[in-house]
Amino acid sequence: MAKSPAAKTAQAKPKTNSAELIQKKLVLTGADIVKLGPEAELLVGGKNYNTALISQIEGIQAPHFRAVSSLAFHRLLDETKVNGRVVRSVVDKEYGRIDWNDPEINQDPDFLQKFVRQLGKQSHDAAKAEGEQSHTKLRTFINNIVEGFATSPEGIDQLRKRSVMVQAAILSVDMPAEVDEAVRGAYKAICEENGDDMTPVAVRSSAAGEDSRKKAFAGLQDTYLNMVGADKVVEAYHWDCSSAYNLRSMTYRREAILDALARAEETGDESIAEMAKQEWAIEHTSLSVCMMQMINPVISGTAFSADTATGCRGTDRKDLVSIDASYGLGEAVVGGKVTPDKLYVFQRDDGSEVVIRQMGCKDMKIVYDEKGGTREVPVPELEALRWALSLSQAERVAKGVRAVSKAYGGMIMDTEFCIDANDKLWFVQARPETRWNEDLELHPTTIFMRRREVDAKAAAEAEILVEGNGASRGAGQGTVRFLRSALELNKIAKGDVLAAERTDPDMVPGMRVASAIMADVGGDTSHAAITSRELGIAAVIGIQRVDVLRALDGAEVTVDGTRGRVYRGLLPLHQVGGEMDVAKLPPTKTKVGLVLADVGQALFLSRLRNHPQFEVGLLRAEFMLGNISIHPQALEAFDNGELDGVVQAKVKELENRLSKVLREQMAAGLIVFNFNLREYVGEITGLSAEVSALADADKSLSAEEVLLQHRKMRELDHKIDQHMEMASRRIEVLKTSPDLADHVRIIMGYDDELALLPSADSESAKRAAEIEASVEAHVQRIQDLPAVVKLLENILHLREEIGLRTGLKKEMDDVRNLPEKIRGLIKARGFRTGKEHYVQTLAQNLALFAMAFYGKPITYRTTDFKSNEYRNLLGGNLFEHQEANPMLGYRGVSRNIHDWEIEAFKLARGVYGGSNLRMMLPFVRTLEEARSMRCYLDQVHKLKSGHDGLKIILMSELPSNAILAKQFVSEFDGFSIGSNDMTQMVLATDRDNARLAHIYDEEDPAVVWAILVSIFTGQKYGKKVGFCGQGVSNSVILRGLVAIAGITSASVVPDTYYQTVFDIAAVEKENIPTSQLGKWLGQQHHKRLAELMETAGYGHILKKYTEPQDIQEWYEGELQRRHEQLREHLDTPKEGFYRAELQSFRSTFHKPVIYATWNWDDTVLDALHQSGFENFDEQAKALEISRELNA
């Protein structure tokens, strides 16, 4: 029989006698809760209420459970009496003994729980021993202690002591008999349903407000896992009741009230404060408990029906499910004790599932302890580097989450799941997500962009200390305070950066005042991530460098939650964005799109696709290539087994460079390195040993024998002299090379012989091999000689010293470590080969972009890294040459598009369902390059324009693209004008060169002509033409230029998108025909010049001169006057003054005057004719047709 949807069963129903009876029960079943409807949430809390609802959803398997009503908690407080004097005495005595900064205490996450239980037992035993009857009702005692807590100015230590005293008081009393019996009965019922008298259960809090739609109260009270037996369960229930007053829970309520007070002061609405005091008053604390059958999981995790960081719901079907998964119990994921695998699951148009996976770091898991409770155990490396969830399991989880979301009326749901040894999927918790549900309900069409971000230029130049997962966008900065546990919260001051191995709910008071969060472990659904997003502060988690985080304690850093990086020092921050209400965007003929590179930003802005004129005009590949982080050729070499050889060759090259540096410094006298060359040569050749042997020969020789002996010694000395001569010619090698074989070749004369051997001769090759064999044998004979060992040691020491000074040693060490680094990174990402890493990483990123902007065109520009940018990738220095000007160097299509990049694009469009992806080719210099690449894509990779809706676009960013626009556009589906490169190439200006910045100008007539030719040619041939660059948002003239000329689309960065749409609409509202574009440009430049002259004190000139020619004459006259002044003062003390005056005048007025007096009509008309139009009427008709085609 089919179950009714949870949303229907939860409807409020008229009260009946049956409902009234249920409300009086101390223990409720799921059916009882469903029968009561939403009113039940006040009685049993959010966790129990949601558990009851999901147990009714068809296809969802939930464990057996019972809800211990909040009535039981209130009876505990109202029907028991406490010896307050004893409790105060015990707590005062024991609390004062604790050193809260003790490392051993801080390393024990359960210390406070155990301490509270110890105080409770001591108080209980002491009161019993005194035999006095307790007179104070427990509730009265608690209220006396917590009075004023919400607004108290006390420090964290004093507030903690209040919490400890209340908890100890609760644990010092005996449970009311009826409550004790009810809890035991609940456990017995679960055991009977499960068919096991010793069923392990979880005892979890279900506080009022917890897991509700208003607040993320989850996790503030305690949870006890693997409780077996009625006695243990009753004890755990008692502990849970006391945890209703733990510090994190009380502080959470306190902060909710303080927030409301602040809002009341800002708005002047006192009702906000009064309502909060009623809703969150600590005196009104209420606690229900969820007793749930424990599942023994192999895999556990959390799953949201949206992207947790951005609220993106996926395609128009709202099908995105974001999963964090790891091994063992889910507490490891929820508590942020591991960095779990991250999975995104959504659907293709044919209903099949797409699974995107990112490997985590699952080095430990939490399992049941045979003695009760849980314990942490390490995960073997091979298992840790495997995916926790298979693809089919991920699909099952996603379908379950969608079913839960549907039952809740389509709300974004936060669920916890586990899979047991029989591969059975269980959903153990579900709750409405807090932040995004409220955001989407109150502001369904508004995207809130305002936040602080790190200045991009400063970030590019800054030192990156650590990297991780940017779990909460934005930036924060301050002094790092590393917390070993929440017991050290007193270290945190407002504006500090809170760092920890992981955060837990006890740390929330510190997180609220911190400027940013850094956590060593954790995923997107860990406590650190969720709380940071809720608080609106930047967070980088899953850093996996806890030693570095500890070392940063006290250092000033900038945390970049958008990029997932932490920089040294306090970098410049700026406010970005604002509110974007998509519903208020005006319609425009010119589509306004985005320039994007970051997946997180795409997910955050996904609601922009609801605007009819939206598109992604430029999706950059470079950021995704940065995520791959390894040079593609290094990955190829790794896969082919060639990387070690390439590394060795590079190390040899660097060794030779070091030798050259040594020789140069020795020649300059900067290094002195001496040794006894004759003695060394004698050792290498063995001649010294022969001389010594003769000298030590028998002394009783005849005169003739002595003469013979001396003659032999002279001959040996002569041989040494010969070898000395050979050594002296290459003395610099002997002083710098640590390779003994080099020494042998030089001293024994082999080097000279090898140099004289003919190159292409088999006999020469044979002789060379014989020489190398002789050298090797010689090295083996002499390598342990003391003189040889000592000299080589000295050379190595010298090389290391100079290598450290010059940085070459670090470079060599980095190169030697490359194979291991690359191997480790590929494994850590969950891949087996370099190709799989590259293709899957790029394809999955592309798929997420395609999903985020489902139904809208996304133009992906293939990689346009310059050689210096490629060098920065891991292994890049093995394959990239140093170029004097990378902007003009080996880049764009000249490098060809890597086959792996093309495969990734095909995979994203095909298997991953990204059919809205288009391809764009960058920096195409010649028609030959254009045609060759188009044919290659078609004939090798079967990527052909028009097939499966594919479009292939050309970046028009070079003078050749504009000059031969008709020929280029005929090869492709359209142009996208890259104004940055077009400007620098037309004006021969390196845009990275600050000294040429005054020349770089997108409004230059030559650049305007190139832009117009590209636009008009596209219209002539019925092709789409886009514009990518900030000029459209920054310049009124460029914005008007492209809009009036009739460009198809213009794309800008997200921070300027919203205003640009309104600005384009304003230009279009003027309804200026293209035939009037030249006149409009002249008017705009004249207006700008007038403002400039007014500001510079020349306003009176404009009253006299109004015609362009008159202004030109005035400027030339002023320039002539200043030239004459300079000429008159050449070689005088005033020359510098007049030269500066002249330069200032020129830099202020030269270009504005030229632009204001330029014949823009001729420029527009010339571009029109260059594109093939006869007149403006013909262009106007083509524009109408083009807009219909590209609508």
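Predicted model: local features only at pLDDT ≥ 70, side-chain atom pairs only at ≥ 80, totals over all residues.
Which residue in E7 does phenylalanine 65 stand opposite? The residue is methionine 292.

## Around strand E7

Phenylalanine 65 brings us to strand E2, residues 65-68, which pairs with E7 in the antiparallel sense over four bridges. E7 itself covers residues 287-293 and is also joined to E5 by seven bridges, again running antiparallel. Methionine 292 turns up here as well: alanine 202 stands opposite this methionine in E7.

Is E7 enclosed or open to the outside? Seven of its seven residues are buried, so E7 is largely enclosed by the rest of the structure. Both of its faces are covered. On one side you'll find Leu287, Val289, Met291 and Gln293, and on the other Ser288, Cys290 and Met292, all of them buried.

| Strand pair | Bridges | Direction |
|---|---|---|
| E2 and E7 | four bridges | antiparallel |
| E5 and E7 | seven bridges | antiparallel |
| E10 and E11 | six bridges | antiparallel |

## A six-stranded open sheet

Six strands make up an open sheet, in the order E11-E10-E9-E8-E14-E15, with antiparallel pairing. Why is one side of E11 and of E15 left without a neighbour in the sheet? Strand E11 (353-358) and strand E15 (425-432) stand at the edges and each has a single partner strand, so one side of each has no neighbour there. On average, neighbouring strands of this sheet are turned by 20 degrees against each other, direction ignored.

At the E11 end, strand E10 (residues 341-347) is joined to E11 by six bridges. Leucine 343 has arginine 357 as its bridge partner in E11.

## Glycine 30

Now for a single residue. Glycine 30 sits in helix H3, residues 30-36, and is buried, with a relative accessible area of 10%. Leaving aside residues up to four places away in sequence, glycine 30 touches Ala52 and Phe65, and that phenylalanine is the one that stands opposite methionine 292 in E7. Glycine 30 and alanine 67 are 37 residues apart in sequence, yet 7.8 Å apart in space, C-alpha to C-alpha.

## Helices that pack

How do helices H11 and H12 meet? Helix H11 (residues 177-194) and helix H12 (residues 230-243) pack at an angle of about 125 degrees, and their axes are 9 Å apart. The two helices are therefore oblique to each other, and H11 passes H12 in a right-handed crossing. From H11, the contact involves Val179, Asp180, Val183, Arg184 and Tyr187, and from H12 it involves Ala230, Asp231, Val233, Val234 and Tyr237. By class, that comes to seven nonpolar, no polar and three charged residues.

Helix H38 (residues 899-909) has eight of its 11 residues buried, so this helix is largely enclosed by the rest of the structure. The buried ones are Trp900, Glu901, Ile902, Ala904, Phe905, Leu907, Ala908 and Arg909. Their cover includes helices H25 (632-639), H36 (834-852) and H39 (927-939), along with strands E30 (858-861) and E31 (917-921).

## Two loop residues with positive phi

Asparagine 1071 lies in the loop between helix H46 (1054-1069) and helix H47 (1077-1095). Its phi is near 55 degrees, a positive value in a residue other than glycine. At 58% relative accessibility, asparagine 1071 counts as exposed.

Aspartate 1131 is in the loop between helix H49 (1108-1128) and helix H50 (1135-1157). Here phi is near 60 degrees, a positive value in a residue that isn't glycine. Aspartate 1131 is exposed, with a relative accessible area of 76%.

Definitions and conventions:
Residues numbered from 1 in each chain as written. Heavy atoms only, no water. Pairing = 2+ DSSP bridges. Axes fitted to C-alpha atoms, helices over the stretch in contact; angles between N-to-C directions. Buried < 20%, exposed > 50% of the residue type's maximum accessible area, 1.4 Å probe, protein only. Contact = heavy atoms within 4.5 Å. Parallel < 35°, antiparallel > 145°, perpendicular 65-115°, else oblique. Left-handed = near helix turned anticlockwise from the far one by under 90°. Nonpolar A, V, L, I, M, F, W, Y, C, P; charged D, E, K, R; others polar.
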